[in-house]
Amino acid sequence: MERVDHLADERNKAEFNVDDMKIVWAGSRHAFDVSNRISRLVANDPIFEKSKRAVMSRKELFKNTLRKSVHAWKMINELRLSDEEGIKLRSFMDQPGFLDLHWRMFVPAIKGQGTEDQQHKWLSLANKMQIIGCYAQTELGHGSNVQGLETTATFDPKTDQFIIHSPTQTSSKWWPGGLGKVSTHAVVYARLITNGKDHGVHGFIVQLRSLDDHSPLPGITVGDIGMKFGNGAYNSMDNGFLMFDHFRIPRDQMLMRLSKVTREGKYVASDVPRQLVYGTMVYVRQSIVSNASTALARAVCIATRYSAVRRQFGSQDGGMETQVIDYKTQQNRLFPLLASAYAFRFVGEWLKWLYTDVTQRLEASDFATLPEAHACTAGLKSMTTSATSDGIEECRKLCGGHGYLWCSGLPELFAVYVPACTYEGDNVVLQLQVARFLMKTVSQLSSGKTPSGTTAYMGRAKHLLQCRSGVRNAEDWLNPGMVLEAFEARALRMAVTCANNLSKFENQEQGFSELLADLVEAATAHCQLIVVSKFIAKVEGNIEGKGVKKQLKNLCYIYALYLLHKHLGDFLSTNSVTPEQGSLANRQLRSLYSQVRPNAVALVDAFDYTDHYLGSVLGRYDGNVYPKLFEEALKDPLNDSVVPDGYHEYIRPLIKQRFRSAKL
């Protein structure tokens with residue numbers, strides 16, 4: 001039977017070449033080819049089927065994850081996929097599992113912190129999956145405050161061993177993915193103690209389970225922490241707890257690239273700069289930003305397609321009702337999220353360049369740009385993950401009641417994604433790190449030190465503290481210089497205000513504590529400026545493809561002007577814009593929404609997501625929503641029988657009023 005495209009009319013309205021936009025979204029022709037090929041490889045493999053996750057028991061779901069993960073590993077080897085292709089395959093599998101932590105955390109930790117000998121020994125096993133690893137840092141009582149970790153690693157010079165111990169219940173490792181049931185090894189972070197002296201937190205490679213029968217080794221208590229938010233979702237992952245009872249490991253299992261303990265128990269720092277660890281942190285956080293664009297794009301794709309399918313009200317003389325996407329209220333909520341997905345994609349591209357630049361500088365012992373790069377990646381991780389989790393939930397609301405169905409794909413997407421606001425740094429804590437960096441940068445302005453990188457605009461403080469926006473009409477808000485100046489003035493003035501208020505406190509730490517909320521807002525303004533500036537730089541550069549640049553410019557200014565509208569109080573209180581200029585920005589926004597409207601479906605088609613990856617009846621490529629909703633409903637186990645279990649026991653006695661009277 002020929003497939004009918006219910007969204008064909010929408011696609012025919014597009015004013016740009018969708019295939020060209022797919023290349024821009026992917027980053028290159030090569031990246032698109034890899035993504036397109038691997039996504040379809042996964043979609044066509046029945047083992048990766050995922051429509052029944054919501055009704056699986058926890059044990060069924062976990063076993064299903066093991067099956068998929070091992071199948072993915074076999075495919076990677078049998079098809080001789082490259083590292084790039086392997087990463088894509090695991091991503092399109094779309095089911096959190098132990099492979100994620102093994103490859104994203106365990107292996108990089110050994111690469112970054114292990115000596116050459118340690119890397120040779122452990123990575124030769126890890127790369128072949130002959131051992132399975134996880135990253136055991138977070139504890140029951142401490143997450144963001146890594147220096148507060150309680151697990152100890154005490155050196156015993158008599159046996160040349162470290163004694164790993166959990167002295168309190170709160171010192172239990174808690175949350176590491178892959179730990180609960182799968183991992184054979186872990187990189188465990190513990191307080192290093194030699195000769196009674198605490199040297200702070202260090203990493204150790206620890207075997208947890210037997211390689212023969214997978215049972216926990218003596219002295220180790222390990223298990224799963226239990227069900228998490230949502231059906232399916234992250235419950236496919238065995239997040240675990242771990243306690244040590246004076247568990248011994250050889251001295252050479254301390255990761256010793258940055259520091260080591262000698263046979264005699266002497267603590268020795270190596271010649272390798274500790275700053276090299278930050279290179280790994282930059283890499284992890286840039287990948288999180290890229291993942292934010294992917295997750296938000298999935299939600300926006302579902303909401304946009306369904307908004308074009310769904311019709312409500314507006315019927316004239318019995319004609320067709322109005323498409324929901326044509327209502328300005330829907331556009332005002334949806335199109336900024338569409339623009340955000342593209343914005344986060346391009347700032348993610350820039351962060352990949354930043355990671356390469358930082359790595360090269362670190363290898364040359366150039367640490368000058370490291371503080372700025374650290375603050376930048378921390379802030380962008382925080383800002384993009386918060387915006388994405390909020391955006392996914394907004395997309396669910398944009399789909400009305402049907403968005404609440406599991407088969408819409410949105411509830412599970414939200415449940416899987418929202419932990420990103422916490423892992424790899426709590427978002428508020430990260431923004432406060434950015435704020436400290438900004439306060440330091442502001443304090444150095446008077447000394448003549450020139451800010452660089454993403455804080456370069458602060459070098460023009462004299463101008464930005466005095467300038468007034470030159471916007472006179474709505475079209476002026478399409479001038480990149482005027483938009484950037486407004487965002488720069490807002491960010492700088494908020495930072496300077498915080499710095500001035502801090503200076504009024506005798507105790508700077510007390511002042512920082514009192515001004516936490518203001519500092520977070522100043523950091524957020526700085527991060528939003530970064531994203532806006534990188535989006536503008538992208539659209540002002542060379543972009544090939546029919547009509548592609550025009551659409552990206554529209555999205556760029558929707559992103560910027562919607563932020564201005566949303567945070568208008570900041571712009572007004574800092575005198576970065578006037579109320580009249582704020583009104584002109586809103587007028588321009590409405591015009592941009594009208595220009596994006598005929599291109600909306602094509603703009604989400606450019607994400608090139610398969611129906612398998614989207615996992616949404618509402619976001620189907622062909623728009624055939626309503627018959628498929630019925631099909632999904634009939635698959636539910638409750639519909640296996642017409643008369644439900646429990647009818648004779650509960651319902652019939654109720655409606656027949658046949659109850660036995662209780663004797664008191």
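**Salt bridges and other features**

Tutor: Start with Arg396, which makes a salt bridge to Glu393, with 2.7 Å between the closest N and O atoms. Keep in mind that this is a predicted model.

Student: Where do Arg396 and Glu393 sit relative to each other?

Tutor: Both are in helix α10 (residues 370-398), and because they are 3 residues apart there, about one helical turn separates them.

Student: Is Arg396 buried or exposed?

Tutor: Arg396 is buried, at 19% relative accessible area; the cut-off for buried is under 20%. Glu393 has 21%, so Glu393 counts as partly exposed.

Student: How many salt bridges are in the whole structure?

Tutor: The search finds 33. One of them joins Arg37 and Glu85, with the closest N and O atoms 2.8 Å apart. That pair links distant parts of the chain: Arg37 is in helix α3 (residues 29-43) and Glu85 in helix α5 (residues 83-93), 48 residues apart.

Student: Which residue does Arg40 meet in a salt bridge?

Tutor: Asp608, at 3.4 Å from N to O. Arg40 is in helix α3 and Asp608 in the loop between α20 (600-605) and α21 (611-614), so this pair ties together parts 568 residues apart in sequence. Asp608 is buried, with 10% relative accessibility, and Arg40 is partly exposed, with 32%.

Student: Which residues are linked in a network of salt bridges?

Tutor: Lys50, Arg53, Asp94, Arg298 and Glu412 are linked that way.

Student: New topic. What does UniProt place at residues 17-132?

Tutor: An unreviewed UniProt entry puts the feature "domain: Acyl-coenzyme A oxidase N-terminal" there. Over that stretch the chain is 72% helix and 0% strand, and its end C-alpha atoms are 45 Å apart.

Student: And strands? What order do they take in the open sheet?

Tutor: The open sheet has 3 strands, ordered β4-β8-β7, with antiparallel pairing. Its edge strands are β4 (173-174) and β7 (220-224), each pairing on one side only. Between β7 and β8 (residues 240-244) there are 5 bridges, and Val222 has Leu242 in β8 as its bridge partner.

Student: Last one: which residues make the nonpolar surface patch?

Tutor: Tyr650, Ile651, Leu654 and Ile655 make a patch of about 420 Å². Leu654 belongs to helix α23 (residues 647-656) and is partly exposed, at 48% relative accessibility.

How values were computed
Residues are numbered from 1 along each chain as its sequence is written. This is a predicted model: local features need pLDDT of at least 70, side-chain atom pairs count only at pLDDT 80 or more; totals for chains, interfaces and linings use all residues. Side-chain values use heavy atoms; hydrogens and water are left out. UniProt positions are given in the numbering used here, feature names are shortened, and annotations may be inferred rather than shown by experiment. Helices (H or I, at least four residues) and strands (E, at least two) are DSSP runs, numbered from the N terminus. Two strands pair if DSSP finds at least two bridges between them. Patches are made of residues with over 30% relative accessible area and no salt bridge: like charges are joined within 9 Å, nonpolar side chains (Val, Leu, Ile, Met, Phe, Trp, Tyr) within 5 Å. Accessible areas come from the Shrake-Rupley method with a 1.4 Å probe; for residues, only the protein chains shown count as cover. A salt bridge is a side-chain nitrogen of Lys or Arg within 4 Å of a carboxyl oxygen of Asp or Glu. Buried means under 20% relative accessible area, exposed over 50%, partly exposed in between (1.4 Å probe, protein chains only).
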